[in-house]
Amino acid sequence: MGDGPEKLRKVRRRPDLDTMYTINTDGSRNFLHPADVKGRWQRFKSIVWLLLIAVYVVMPWIRVDGRPLIHLDLPGRAAHLFGQTFTNQDFYLVFFLVSGMGFFLFVLTSLLGRVWCGFVCPQTVFMEGVVRRIERAIEGPRNRRIRRNLGPWTGDKVLRKGATQLSILLVSYIIAHVFLSYFIPVRELLEVVRSHPAAHKSAFFWSMFWTGVMYFNYAWFREQTCLIVCPYGRLQSTLIDDDTVIIGYDEKRGEPRAKGVDEGGDCIDCFRCVEVCPTGIDIRNGLQLECVGCSNCIDACDDIMDRVEKPRGLLRYDSTRGFETGKRRLLRPRVFIYLVMGIIGLAVFGVRAGQREPFQANALRARGMPFILEETTIRNLYGLHVQN
């Protein structure tokens, strides 16, 4: 983040459909500074994020029949889930569980677009719900952050940037250790943390590895995780149709755009919807791969509409058909197909998991020679496999 008017020009560049706004024309990174926004959707997201973070942190502490509620025991090749124990022999059930959950996610996407990304995805929950808020608290609002980044390195800049990075590192450290508590029972993990790293080299390595991955993600990579790494956004072109509820711009009402309140359409081209976007798009250009359905632009636009005394809903949740004709249909053939496939996957998982025997003993003939002849005795070799 260098200095100078050239950098300022890049910051003010407007998003388009031909280029990625987070990458400058010279190939350098255009770091986004989303503005803070308030509104009904932000309040709803804050409640959802708080609940999700609480569940993430608390679940490793809950025990059922003396075991953690969720414990993935890799050395023991077993998974203890909600009072049930699954061994490596049950691994095939993962296919039905994941496929069933995946098809239900397809149902959700077909109905409501990328609501998963904007409201419950872990990347969004921690990036927007924790890291961005820490950054705003330490470095101030958007315009102040941009001016500070373009200015020279001063004591205040060093102090604030250093505090931000240390805070992100601490958050990454905590998130990584909570993640490890799903693999190492939390009480054992606390003992490991208090011990010397040499005494638990494997746990220390993985804790530092995931801390580094989280820190790189939240401190630098950020929205690029959604734009480049995550494949889910690329699936929306096949999962979304004209009846899917998405975040869109009411072009009939908004155009032509005009700065004057009493001129043209309702859109005053204030650029506020772009300033609050965590992926740097202009939603008025239509649905784009970068849109994660976070609803920031809706709250920002509603606030502007209130100020200019015009009706809310210029940006809103609606389908493409709804924007064009005012009508939409939620239940379509694809929704039923995804729903049936999801039910089949979860039903197979549930039935097979319920039919599992708590104890199994299998006697299998050993590999190699079928028997050994010792004088007048024939000895057969078997392997006994006991699973409890």
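Modeller: In this predicted model, a pocket is an open set of grid points with protein on both sides within 12 Å along at least five of seven lines.

Biologist: What volume does the largest pocket have, and which element gives the most to its lining?

Modeller: The largest pocket has a volume of about 1,000 Å³, and of the 31 residues that line it, the closest to its centre are Trp116, Val120, Cys121, Pro122 and Gln123. Two or more lining residues come from each of the helices H2 (40-58), H3 (93-112), H5 (122-139), H7 (155-180), H9 (201-221) and H11 (232-239). The element that gives the most to this lining, with 7 residues, is H9.

Biologist: How many charged residues does the lining of the largest pocket have, and how many does the lining of the second largest pocket have?

Modeller: The lining of the largest pocket divides into 27 nonpolar and 4 polar residues, with no charged ones. The second largest pocket has a volume of about 400 Å³, and among the 16 residues that line it, Leu72, Ala79, Leu81, Phe91 and Val94 are the closest to its centre. Strands S3 (70-73), S4 (78-81) and S5 (84-87), together with H3, each give two or more residues to the lining of the second largest pocket. By class, that lining has 11 nonpolar and 2 polar residues, and its charged residues number 3.

Biologist: Of what kind is the aromatic pair of Trp41 and Phe119, and is Phe119 buried or exposed?

Modeller: The centres of the rings of Trp41 and Phe119 are 6.1 Å apart with 75° between the planes, and because planes over 60 degrees apart count as edge-to-face, the pair is edge-to-face. The pair links distant parts of the chain, since Trp41 lies in helix H2 and Phe119 in helix H4 (residues 115-119), 78 residues apart. Trp41, at a relative accessible area of 23%, is partly exposed. For Phe119 the relative accessible area is 6%, and because buried means under 20%, Phe119 is buried.

Biologist: Which residues form one aromatic cluster with Phe205 and Trp206?

Modeller: Phe205 and Trp206 themselves form an edge-to-face pair, 5.1 Å centre to centre with 75° between the planes. Phe205 is partly exposed at 47% relative accessible area, and Trp206 also counts as partly exposed, at 39%. The residues that form one aromatic cluster with Phe205 and Trp206 are Phe179, Phe183, Phe209 and Trp210.

How values were computed: Residues are numbered from 1 along each chain as its sequence is written. This is a predicted model: local features need pLDDT of at least 70, side-chain atom pairs count only at pLDDT 80 or more; totals for chains, interfaces and linings use all residues. Side-chain values use heavy atoms; hydrogens and water are left out. On a 1 Å grid over the protein atoms alone, a cavity is a set of points where a 1.4 Å probe fits but cannot get out, and a pocket is an open set with protein on both sides within 12 Å along at least five of seven lines; lining residues have an atom within 4 Å of a point. Grid points are joined across faces, edges and corners, and a volume is the space filled by probe spheres set on the points. Helices (H or I, at least four residues) and strands (E, at least two) are DSSP runs, numbered from the N terminus. Ala, Val, Leu, Ile, Met, Phe, Trp, Tyr, Cys and Pro count as nonpolar, Asp, Glu, Lys and Arg as charged, and the others, Gly among them, as polar. Rings of Phe, Tyr and Trp (its six-membered ring) pair if their centres lie within 6.5 Å; planes under 30 degrees apart count as stacked, over 60 as edge-to-face and the rest as tilted. Buried means under 20% relative accessible area, exposed over 50%, partly exposed in between (1.4 Å probe, protein chains only).
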